[in-house]
2 protein chains.
Amino acid sequence: MEKMLNPRSIAVVGASDKKNKIGNILIKNLKNKKYTGSIFPINPRHKIIEGLKVHSSLAEVDKKIDLTIIALPAFLVLSIIDDCIANKIKNIVIISAGFAESGADGARREAELKKVAEENELNILGPNCLGFVNTHKNINASFAKKEIPAGNVGLISQSGAFITGLLDIAKEEDLGFSHVISLGNKTVLDEIDFLKYLADDPKTKVIGLYLENIKKGRLFYNEVSRITKKKPVLILKAGSSQKVQEAIMSHTGAMAGEIDVLKKAFREAGALYFENIANFWQTLKIFNNHKLPQNNKVVILTNAGGPGVIATDLIENKNNLDFYNFSAKEKEKVQKKLPVAASVENPIDILGDADSKRYEILLDELIKIKKIGTILALITPQAQTDTTNILQIIKKKEIKSPFPIIPILIGAKVKNAFQFPREVIDALEQLNNFQQFQENISKIKKEPLKFSVLASAKIKDFVNIAKEEKRGVFFYEESLELMRYYGINALKAPLIDADFKISKIPKKLVMKIDDPKILHKMAQGGVITGIKGPQEFKSNLQKLRKKFKNQKIIIQEQVEKGTEIIIGLKKDSNFGPVLMCGIGGILTEIFDEKFLWILPVNKAEIKKDLKKSKLKRIFEKEELNFNSLVEEIEKVGKVGWQNNWIKELDINPMFFYKDSKKPLAVDIKVKIDNS
Amino acid sequence: MEKMLNPRSIAVVGASDKKNKIGNILIKNLKNKKYTGSIFPINPRHKIIEGLKVHSSLAEVDKKIDLTIIALPAFLVLSIIDDCIANKIKNIVIISAGFAESGADGARREAELKKVAEENELNILGPNCLGFVNTHKNINASFAKKEIPAGNVGLISQSGAFITGLLDIAKEEDLGFSHVISLGNKTVLDEIDFLKYLADDPKTKVIGLYLENIKKGRLFYNEVSRITKKKPVLILKAGSSQKVQEAIMSHTGAMAGEIDVLKKAFREAGALYFENIANFWQTLKIFNNHKLPQNNKVVILTNAGGPGVIATDLIENKNNLDFYNFSAKEKEKVQKKLPVAASVENPIDILGDADSKRYEILLDELIKIKKIGTILALITPQAQTDTTNILQIIKKKEIKSPFPIIPILIGAKVKNAFQFPREVIDALEQLNNFQQFQENISKIKKEPLKFSVLASAKIKDFVNIAKEEKRGVFFYEESLELMRYYGINALKAPLIDADFKISKIPKKLVMKIDDPKILHKMAQGGVITGIKGPQEFKSNLQKLRKKFKNQKIIIQEQVEKGTEIIIGLKKDSNFGPVLMCGIGGILTEIFDEKFLWILPVNKAEIKKDLKKSKLKRIFEKEELNFNSLVEEIEKVGKVGWQNNWIKELDINPMFFYKDSKKPLAVDIKVKIDNS
C-alpha cells in the first residue's frame with residue numbers, strides 16, 4: 001500500500017495533450033506538484049505531453065514503475081492490465097468508468113478484472129474513480145481540478161463527485177487533508193485496505209469516510225474498532241431510507257446493508273455516524289482545527305443575550321453535553337476581570353461593548369480552569385466589536401489552553417470561525433461521543449464470550465435432522481433443548497404421544513399443533529386456549545386430531561402473564577449474528593424501541609446500552625428485576641455466538657415477573673440457515 | 001403606527017458629533033438614506049451635526065415632529081418624555097438602556113415610563129433597543145452600522161444584537177427586508193402592535209420574529225392566526241430549556257411562558273417555530289427568494305450520485321415531505337431530453353458531465369409538469385460543470401415555473417444557491433407546514449364552542465362554597481356534579497353519612513377519606529382497597545373513622561380496569577385554559593407523549609392532532625373506540641372553556657373499555673383559581 005499511495009514512479013496510460021481531457025488533467029495534477037518521482041505519460045500517438053516525454057507503451061519504460069494509472073475507455077482496460085502483469089506492475093488505479101455501474105456488459109468486465117487481479121495479486125483502486133491524493137508527498141494522482149490543501153484529515157469516499165464538491169470549499173474553510181482516496185467500484189481494494197493504511201499514517205489525525213455500501217461488515221467493524229482507540233473515524237453513510245436502497249442499487253450495483261445493524265456496528269466500533277453532509281463536514285473541520293475536549297462540560301461566552309440563549313437551548317437538548325458549573329471562587333475570579341454589569345453565569349454575558357481586550361483578559365482567566373471541556377465563544381458583531389482581533393486572540397489562547405475554544409461569529413462567513421451555534425453544537429455532541437467512547441474502552445472491559453464448538457451433540461443432531469427433513473425450522477421440543485443448554489427457562493410443552501400421561505396435565509392449558517410449516521396456527525384453528533380438566537382436554541384433543549391429521553400436538557400450561565419482552569437473533573449478511581431485544585405485546589410496534597448488538601456481547605455492554613432506555617424504565621415502574629433482563633439477553637447472545645447455523649431465533653414473548661419468579665420463555669421459534 | 005414607522009419628521013434627542021457614538025450613528029443612518037423628510041438633531045451644546053442644524057430642545061423645533069428618538073442616559077429619559085408630551089409628540093423610540101433589564105432602579109424607572117405613556121397615550125418603542133428600519137421609505141432609525149438591503153422580510157426582534165448579527169450577512173446572502181424592528185424591553189409597544197402593522201404592509205411578504213418572552217399570549221395567538229391566513233410567520237423563540245428560563249429571567253426581567261403551550265399555540269396559529277438561528281435564517285431566505293410550493297412532492301435532480309442519495313435520505317426522514325412520482329409518460333418525455341445513461345427515477349441523475357445546456361433542456365420539460373411541488377437541483381462541481389451558467393438557468397426557469405426550483409451547490413458559499421441539502425430540506429419541511437396549514441384552514445372548519453355562562457347554578461354554588469371554606473379544591477361529589485353536567489361518565493362515590501344504606505354497597509369496593517387538603521391519602525392510610533361484604537365494610541369504616549376524625553368518607557366500587565388515559569385542564573397564565581391528554585398508568589412518564597390544545601377546540605382538531613399518535617395506535621391495538629376518546633377529550637375541553645374559575649382539572653385515570661362499554665372517569669381532582 002505504501003508503494004501505491006507513495007510511489008516513486010507513476011505511469012499514466014491514456015495520457016492526453018487535449019485540455020480538459022482526464023488524461024491531460026491527470027498529468028497536469030501530477031506534474032504541477034513538487035513531486036520528486038518520475039512521471040511517464042503513455043500514449044502511442046504522442047511524443048510530448050505537458051513537457052514530459054511520452055512512451056508508447058508500458059513495456060517501453062525502462063525504469064521500474066511503482067504505480068500505473070489507467071484513463072482509457074473501459075473496453076481497453078483489461079488489455080492494459082495484461083501489460084501491467086507482463087511488466088510486473090502491481091499497483092494500478094483505474095479511472096475509467098464502464099464497469100458494474102453501467103449494466104450487464106460492464107458487470108462481466110468487472111468480474112473478469114476481479115479474477116485477473118486476484119490471480120496476479122494486483123492492488124487496484126477503482127475502476128470508476130477519481131484517483132487519490134497524498135498531499136504530504138505532493139502526489140495528486142487524481143483528476144480533481146482544484147488544489148487540495150494539506151492537513152490532518154484522511155478522506156476516503158465511494159463517490160468521486162462527493163470529493164470534488166467538498167474540495168471546492170476546503171481551502172476557503174480552512175480544512176486540510178493528508179490523503180484523499182476515491183474508491184470507485186471497490187473491485188479489489190476497498191475502504192478496509194485504506195483504513196488500515198491511514199490508521200498508521202502519522203499525518204492523518206482524523207479519518208472521514210463517505211460510504212454507500214459496506215460489503216465486509218465484520219472486517220470493517222474490527223478495523224474501525226482498532227482505529228478508534230487512537231483516532232476518530234467519521235462515517236457519512238448514504239442510504240438510510242428505503243427509497244435510497246433502491247437508488248443505490250441502480251447507482252453502484254451493490255446492496256446496502258440493513259441500516260439499523262450498520263448504525264449499531266458503527267457505534268460499537270466507536271465511529272461517529274452522520275446522516276448529512278453539513279454535519280460531517282463541520283465535524284471534520286473541528287477535528288482538524290481544534291483540540292479535542294477532555295469532557296462534556298461546555299462554557300458559553302457571549303457578547304449578546306439572544307444568541308447565548310439560543311445556544312444554551314441547543315446544548316440543553318443534547319443528551320451528552322452539559323454546562324460547566326463555576327465554583328464560587330472561580331466565579332469571583334472571573335467576575336473581577338469583567339465589568340460589573342457582566343453576568344458570570346453560564347453563559348457568561350460579557351456585554352455588547354466587549355472588545356478583543358476583554359476577550360483576552362477573560363480567556364486568560366478561563367484557561368486556568370482545567371476542568372472546562374470546551375468554550376464556545378459567541379461573537380455578535382456590534383458597534384465596539386473588533387472581530388478580526390477577537391478571532392486572533394481566541395486562536396492564540398486556544399494554543400495555551402487545555403481545551404478547545406471555538407469561535408462562532410453569528411451570521412458571518414469567515415475562514416476561522418463558524419457561522420451558527422447549531423453546527424458547532426451538533427459537532428460537539430459527536431466529539432463527545434468519541435471522547436466518551438475512548439473513556440469507556442477501559443471501563444467496559446470487553447470479555448468476549450468464548451466461541452466454542454457447536455453447543456451439544458444433541459443439538460447438532462437436531463440441526464442435521466431438520467436439514468434432512470428440509471424443515472428449516474425447529475420443532476418446539478428441539479428449541480426447548482437449545483434453551484435448556486443455555487440455561488434459559490422455557491415453558492415446557494409435552495408432546496401428546498403414546499407416553500403421555502393425562503394425570504399430569506396442568507389445571508389450565510393451551511393445546512396446539514407443532515408444525516413449523518403452518519405459520520398462522522391461531523387463525524387456522526391449530527391453537528386452543530383455556531382448556532380445563534381431563535374432560536375438556538380429551539374433547540379438544542379429538543377435535544385437533546380430526547382437523548390436523550398426523551400432526552404433532554403439544555400442550556402448555558396457561559401461565560400467569562408477565563411483562564412481555566422479545567429477545568431474538570438474526571444472521572446479518574454483513575455482520576453475522578445480531579442480537580435483538582424489544583418490548584413485547586401490543587406495545588412492540590408503538591414503542592419502536594429495539595436494541596441491537598453485534599455479537600459477541602457481554603453484560604456490561606448490554607447494561608450500558610439499556611441504561612437510559614424505556615425498557616429499563618418499564619422494569620423500574622413495574623418493579624421487575626432489570627438485571628435478570630440483562631442476563632437473559634446475554635444468554636441469547638451466547639446462543640447466537642456459538643451456533644452459526646441459526647438464521648433466526650425469536651423468543652416472543654418472554655415473561656418477566658415481580659419478586660424472584662424466574663423469567664419464562666413462552667414461545668420460541670428457531671430457523672436454520674440452509675445456505 | 002404609520003406615523004411611527006413612516007414619519008415625515010424625526011427629532012433625535014442626544015444627537016452627537018462624536019464618531020461611533022450612538023447619537024452620531026443615528027444621525028448618519030437617518031441622513032445617509034434617500035429620506036425626504038426632516039431630521040432635527042437635538043443637543044444644547046452643538047450648532048451643527050453631520051451638516052444638519054441642531055436645536056437645543058424639542059420646543060425649539062418649529063415644525064411638527066412625527067417621531068422622536070431618544071439616545072440619552074436612562075436617568076434623563078423621563079424628562080425628555082415630559083418634553084415630548086409638552087410638544088404633543090406621540091411617537092417615541094427610546095434607544096437608551098438602563099431600565100428593567102438593569103436592576104431595581106431601572107425597573108422603577110420603567111414602571112414610571114409605562115405609567116406616563118399610558119396616561120398620555122404615547123407610542124414608545126424600546127427602551128433598550130436598536131431602533132427600527134423601514135427600507136422601502138429609506139428610513140434607518142437605528143444605530144445598526146451596516147447597510148440594510150430592501151426586500152420582502154419583516155423582521156421583529158427582542159434582541160438588538162440578534163439583528164446586527166443577521167444584517168451582517170443579509171446582503172451577502174441575498175436576503176432583503178421591508179422593516180426591521182428592535183423591540184427592546186417592550187414597555188409600551190410590543191410584537192403584537194408591529195405584527196398588526198406588518199400584516200397589512202404590502203411590502204412585507206414574510207414575517208420573522210425573534211422572541212424571548214410573550215406576555216399577552218391570547219392576543220398574540222389571535223393576531224398570528226389572522227396573519228398566517230395570508231403570509232407566513234416564522235418564530236425563533238429562545239428559552240425552550242430550563243437553563244434558559246433562568247438566563248432569560250436575568251436577561252430581560254421577564255418570565256418565559258411554558259414552552260409546550262407556546263409551541264402548540266404557535267402551531268395552532270399556523271406559525272412556523274424554530275429552535276435555532278440557522279434554520280430560521282435559511283427558511284426566511286427561501287421564503288424571500290423562492291416561490292411557495294403548492295404541495296409536498298419533491299423532485300431531486302443531481303449531477304452526482306452521492307449527494308443525491310444523501311438528500312433522498314433526508315427527505316425520507318421528514319414526515320411531511322414526499323417524492324413526486326413520475327408517470328410512465330412523463331418519464332418517457334424527460335428521458336428523451338437526457339443521455340441514455342441518465343436515470344429518470346427520483347432522484348433524476350443527469351450524470352457528472354451535465355452542463356447548463358442539459359439543465360436547461362431538462363428544466364424546460366419538468367416545468368410543464370404542474371403537479372410537482374418543488375425541485376431541488378443538486379450541483380456538485382465537476383470537470384464539465386459550468387456552475388455560474390447553471391445557476392442563471394435555474395433562476396430563469398423558476399420564474400416560468402409553477403413551483404420553486406432551489407439550487408444547492410454542494411459545499412460552495414455563493415449568493416444565490418444553498419451549500420448543503422440539509423438546510424434546504426429542513427426549510428422545505430417548514431414551507432410545507434405552512435402550505436398544509438393554509439390548506440387545512442378551509443378543511444377543518446373551526447366551530448368554536450360557545451362560551452356560555454358558568455355551567456349551572458349548582459356548580460356556581462360549589463365554587464362559592466369552596467372559596468368561602470378556603471378549600472381551593474372540590475370535594476369528590478362536587479367534581480362528580482361538574483362531570484355530570486358535561487355528560488362525562490364518572491365513577492360514583494357515595495358519602496358515608498346518615499343517609500347511607502349499607503344494603504347498597506358493591507361487591508368489591510374501595511373506601512377513602514375525601515379531604516382535599518390531604519395530598520397523599522394512600523401513603524397516610526386514607527385509602528383501603530379490596531373491601532368485600534358488609535363485615536369488612538364495617539370494620540374498615542371504623543378503622544378510618546378512628547384515624548381520620550370528622551373527615552368525609554366515601555366509597556367507590558372497585559371496577560374492572562380499562563386502558564388508562566389522563567385528561568386534564570390547566571390555566572396557562574398566557575393562553576388561559578389549556579386542555580391536555582396523555583397515556584395513563586405506568587406508561588405516562590415513559591411515553592412522554594402528551595397533547596395540548598389551546599381552547600376552544602373541536603373534535604376535528606383533536607382528531608387531526610391524534611391522527612399519527614401512539615395514543616391512537618394503542619386504541620387500535622387494544623380494539624378500543626378511538627372516537628369515544630376524542631369525544632371525552634372534547635367534553636373536558638368544554639368544561640375548561642366554560643368554567644374560567646378552574647385552575648386545574650385532572651381526570652386520572654379515565655378507563656376505556658372494549659366493546660360498547662362507556663369510558664369511566666375513576667378519579668377527578670378540580671382545583672379552583674382563587675386569583
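Predicted model: local features only at pLDDT ≥ 70, side-chain atom pairs only at ≥ 80, totals over all residues.
In chain A, helix α6 (residues 191–199) packs against helix α7 (residues 217–227) at an angle of about 15 degrees, and the two axes are 10 Å apart. At this angle, α6(A) is roughly parallel to α7(A). The crossing of α6(A) past α7(A) is left-handed. On the α6(A) side, the contact comprises A:Glu191, A:Ile192, A:Leu195, A:Lys196 and A:Ala199, which meet A:Leu219, A:Phe220, A:Glu223, A:Val224, A:Arg226 and A:Ile227 of α7(A). Classified by residue type, the contact of α6(A) with α7(A) contains seven nonpolar and four charged residues, with no polar residues.

Helix α20(B) contributes B:Lys603, B:Ile606, B:Lys607 and B:Leu610 to the contact, while α22(B) contributes B:Phe626, B:Asn627, B:Leu629, B:Val630, B:Glu631, B:Ile633 and B:Glu634. The residues in the contact of α20(B) with α22(B) comprise six nonpolar, one polar and four charged.

Over all chains, the structure holds 69 salt bridges. One of them joins A:Asp609 to A:Lys264, with the closest N and O atoms 2.8 Å apart. This pair links distant parts of the chain, since A:Asp609 lies in helix α20 (residues 603–610) of chain A and A:Lys264 in helix α9 (residues 259–268) of chain A, 345 residues apart. A:Lys264 has a relative accessibility of 5% and therefore counts as buried.

In chain B, the side chains of B:Asp200 and B:Lys230 form a salt bridge with an N to O distance of 3.3 Å. B:Asp200 is located in the loop between α6 (191–199) and β12 (206–211), and B:Lys230 in the loop between α7 (217–227) and β13 (233–237), 30 residues apart. B:Asp200 counts as exposed at 51% relative accessibility, whereas B:Lys230 is partly exposed at 48%.

A further salt bridge connects B:Glu477 and B:Lys552, whose closest N and O atoms are 3.5 Å apart. B:Glu477 belongs to helix α17 (residues 476–485) of chain B and B:Lys552 to the loop between α18 (533–547) and β23 (553–557), so the pair ties together parts 75 residues apart in sequence. B:Glu477 is partly exposed at 41% relative accessibility, and B:Lys552 is also partly exposed, at 27%. In chain A, salt bridges that share partners join A:Lys264, A:Glu268, A:Lys608 and A:Asp609 into one network.

How values were computed
Residues numbered from 1 in each chain as written. Chains lettered and ligands numbered in written order. Heavy atoms only, no water. Axes fitted to C-alpha atoms, helices over the stretch in contact; angles between N-to-C directions. Helix = DSSP H or I, 4+ residues; strand = E, 2+ residues; numbered from the N terminus. Parallel < 35°, antiparallel > 145°, perpendicular 65-115°, else oblique. Left-handed = near helix turned anticlockwise from the far one by under 90°. Contact = heavy atoms within 4.5 Å. Nonpolar A, V, L, I, M, F, W, Y, C, P; charged D, E, K, R; others polar. Salt bridge = Lys/Arg side-chain N within 4 Å of Asp/Glu carboxyl O. Buried < 20%, exposed > 50% of the residue type's maximum accessible area, 1.4 Å probe, protein only.
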